[in-house]
Amino acid sequence: METYSRIAIKVGSNVLTRPDGRLDLTRMSALVDQIAELRRMDKEVILISSGAVAAGKGEMKECTGLDAVSARQLFSAVGQIKLMNRYDEFFGGYGLRCGQVLTMKESFSTRRHYLNQKQCMEVMLEHGIVPVVNENDTVSVTELMFTDNDELSGLVATMMGVDVLLILSNVDGVYDGDPALPTSALLREVVPDARLDTDSIVQTSRSSLGRGGMITKFRMAQKVASEGITVIIANGKREHILTDILLERNEVPYTRFLPGSHPVSGVKKWIAHSEGFAKGKIQINEGAYRALLSSQAASLLPVGVVAVEGQFEKDDIVQILAPDGSAFALGKISCSAEEVQSRMGLQGERPFVHYNNLYIEWRTE
């Protein structure tokens, strides 16, 4: 706990809502109680909270026949007020302030917007305010929405450089099979670069209220941990779960993803989570592929490029494809698609993607 000075906590819809879909005020209050204790220890806390849509749905049961997008917009507009009013009330009981941060996936697509969001939350933390972050479902549309708030929490955790991200779900962590089966065991630790068959060990079913499942949590947690952040998946319905884990008061089940030992720059962290914003693809030859995967720092040079796809401009994010066509890296491109087309294969040219603007998704043995 002494090493954790900045903490991000993501709490899911199934933790914050009752079976009837209304907000579970007792659970919310208990969560705030624990965060307040962390704040008394001078820990900075960022809360990524689901629950707005579920809260609105519980209040608007008479509204039927809406399409999925309209329903989310209506329920979130009504529910977000209820959610934040409750947080304001509970935090206020401890003399703490909280502030609402509504964002969209599109807001992470450019470096400028990314840094603007970071600056906003840095100012809040400097003034002792607990940021309460959620997706702005009132204006988001399906193709531009986060997979779920797990994806959002990963982006926020890396953007804000937290020491630990706790993901509170309605299960104790990641199991090597169906958690309902007695033969399934809880994975207590996941080491960096673990070669695990997620399709076979992680259940893909989704919760009744959230949009994502355990497999999205697992993959996001691995990526965030690889960037040097400890990630913990635990059961948010257990009493005192935050303080039991962070203050090591009681032994409780959870899955911990150990952080990678190699530091990752802020720019590379942004690029790492920008796959959904890629404007094009660049395929490379075997020589360039081996160079990028080597232990030596290497940039993507025009001589190694064999094909280009899509329309993009300077500073856009592009996917980099291996010789077999599989995507293995992301990068911030230094020129337009037309210039890549005209310069690819040439020797002695400046890099298309500099090493400092390159993120390798995975590495072969």
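Modeller: Residues are numbered from 1 along each chain as its sequence is written, and side-chain values use heavy atoms, with hydrogens and water left out. In this predicted model, local features need pLDDT of at least 70 and side-chain atom pairs count only at pLDDT 80 or more, whereas totals for chains, interfaces and linings use all residues.

Biologist: What makes the space lined by Val11, Val15 and Arg27, among others, a cavity?

Modeller: On a 1 Å grid over the protein atoms alone, a cavity is a set of points where a 1.4 Å probe fits but cannot get out, and lining residues have an atom within 4 Å of a point. By this rule there is 1 cavity of 30 Å³ or more, and the largest cavity has a volume of about 80 Å³, a volume being the space filled by probe spheres set on points joined across faces, edges and corners. Its lining also includes Leu168, Gly236 and His240.

Biologist: Which helix gives the most to the lining of the largest cavity?

Modeller: Helix 2 (residues 25–40) does, with 4 residues, where helices (H or I, at least four residues) and strands (E, at least two) are DSSP runs numbered from the N terminus.

Biologist: How do you know that strand 1 and strand 2 pair?

Modeller: Two strands pair if DSSP finds at least two bridges between them; 6 bridges join strand 1 (residues 6–11) to strand 2 (residues 44–49), which run parallel, and therefore the two count as paired. Within these strands, Ile7 has Val45 as its bridge partner. Helix 2 packs on the sheet, touching strand 1, strand 2, strand 4 (129–135) and strand 5 (164–169), contact meaning heavy atoms within 4.5 Å.

Biologist: Why is the aromatic pair of Tyr87 and Phe91 called tilted?

Modeller: Rings of Phe, Tyr and Trp (its six-membered ring) pair if their centres lie within 6.5 Å, and planes under 30 degrees apart count as stacked, over 60 as edge-to-face and the rest as tilted. Tyr87 and Phe91 lie 6.2 Å centre to centre with 35° between the planes, so the pair is tilted. Being 4 residues apart in helix 4 (residues 68–92), the two are separated by about one helical turn.

Biologist: Which residues does Pro253 touch, not counting residues up to four places away in sequence?

Modeller: Pro253, found in the loop between helix 9 (241–246) and strand 8 (255–257), touches Asp172, Leu186, Arg188 and Arg238. The C-alpha atoms of Pro253 and Arg238, 15 residues apart along the chain, are separated by 9.9 Å.

Technical notes
1 Å grid on protein atoms, 1.4 Å probe; cavity = no way out; pocket = protein on both sides within 12 Å on 5 of 7 lines; lining within 4 Å. Axes fitted to C-alpha atoms, helices over the stretch in contact; angles between N-to-C directions.
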